[in-house]
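Please read it alongside the sequence and the coordinates.

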Amino acid sequence: RDRSPSRGLGDVYKRQVVLIIVVSMIALCGDMQAVHRIYRKSVFYPAVHRVAVTLKKSGLAFVKSQGIILVVIWVICSVSLALIRNPYSILIGCGIAVFDTFPVLGSGMILVPWAVYAAFGQNYYAAVILFIAFLLCVIARDLLEAHLMGNHMGLLPFFMTAALYVGVCLFGVWGILMGPFGVILIRSVYEQFLEKNNEPPE
């Protein structure tokens, strides 16, 4: 193991930062009511409050939409795997549905190679079922994203998909949340900016 002084100092620095953050959070919790009163009296409170409310509503709508899509794809994959008599159809179907949430990967990364492997093994029935399952997953995600996110969030699926892709590239797994959050934040701030500029002069 590397026991160099620089690494030791780095570990000490990280512990100090964590300790400072924890102590600061504890102190902030103790003064939360005073901070809240000051915040409500601030001239920025109306704008910040509206942005926060928009973020909350959009965030809940995004989680709900992705949850519905995940369940639908889980059912599609589980039924398809049950048709080819896979004993772990429900478990593997759940894994494929979770895998499908990654914009760079998707269910095709599992179902398509599996279908090709089955075809090379002359199991054409399984290959056809798996390929049909892949097509159903793609169609279901496209239709549900267009409907759910369009209705609940007012965002085009293209922007949400782009946000997921950029988020995963920048932040890894956490980008699944950070990407859409960034798009929602930008949209909320932009809407607040337009609303502020459209207000009639006093």
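In this report, buried means a relative accessible area under 20%, exposed means over 50%, and partly exposed lies in between, with a 1.4 Å probe and protein chains only as cover. The model is predicted, and local features therefore need a pLDDT of at least 70, side-chain atom pairs count only at pLDDT 80 or more, and totals for chains, interfaces and linings use all residues. Residues are numbered from 1 along each chain as its sequence is written, and side-chain values use heavy atoms, with hydrogens and water left out.

**Overall fold**

Helices (H or I, at least four residues) and strands (E, at least two) are taken as DSSP runs and numbered from the N terminus. By this reading the chain has eight helices and zero strands, so that from the N terminus on its elements run α-α-α-α-α-α-α-α. Of the 202 residues of the chain, 28% count as buried. The accessible surface, computed by the Shrake-Rupley method with a 1.4 Å probe, comes to about 14,000 Å², and 72% of it belongs to carbon and sulfur atoms. With contact defined as heavy atoms within 4.5 Å, 59% of the contacts between residues at least 6 apart in sequence join residues at least 24 apart.

**The largest nonpolar core**

A nonpolar core is a set of buried Ala, Val, Leu, Ile, Met, Phe, Trp, Tyr and Cys residues joined through side-chain atoms within 4.5 Å. The largest such core holds 20 residues, of which I73, C77, I84, L111, L130 and C137 touch the most other members. Two or more residues each come from α3 (45-83), α4 (89-100), α5 (108-120) and α6 (124-152), and α6 gives the most, with nine residues. When residues up to four places away in sequence are not counted, L130 touches L81, I84, L111, W114 and A115.

| Helix | Residues | Expected span | C-alpha end to end |
|---|---|---|---|
| α5 | 13 residues | 18 Å | 18 Å |

Which residues of α4 are buried? They are S89, G93, I96, A97 and D100. Seen down the helix axis, these buried residues fall within an arc of 100°, so they line one face of α4; the arc is that of the directions from the helix axis to the C-beta atoms. S89, a residue of α4, is buried with a relative accessible area of 12%, and its contacts, leaving aside neighbours within four places in sequence, are with S78, L81 and A82. C94 also lies in helix α4, but at 25% relative accessibility C94 counts as partly exposed. C94 and V75 are 19 residues apart in sequence, while their C-alpha atoms are 8.3 Å apart in space.

In α5 the buried residues are G108, L111, A115 and A118. They cover an arc of only 115° around the axis, which puts them on the same side of α5. The face of α5 turned away from this buried side carries the exposed residues Y117 and F120.

**Positive phi values in two loops**

Most residues other than glycine have a negative phi. R85, a residue other than glycine, has a positive phi near 65°; R85 is found in the loop between α3 and α4 and is exposed, with a relative accessible area of 76%. Q122, also other than glycine, likewise has a positive phi near 65°. Q122 is found in the loop between α5 and α6, where it is exposed with a relative accessible area of 62%.

Rings of Phe, Tyr and Trp (its six-membered ring) pair if their centres lie within 6.5 Å, and planes under 30 degrees apart count as stacked, over 60 as edge-to-face and the rest as tilted. By this rule the count comes to one aromatic pair. The rings of F131 and F134 have their centres 6.2 Å apart and their planes at 45°, so the pair is tilted. Both residues lie in helix α6, where F131 and F134 are three residues apart, about one turn of the helix. F131 counts as partly exposed, at 41% relative accessibility.

Terms used. The expected span of a helix is 1.5 Å times one less than its number of residues.
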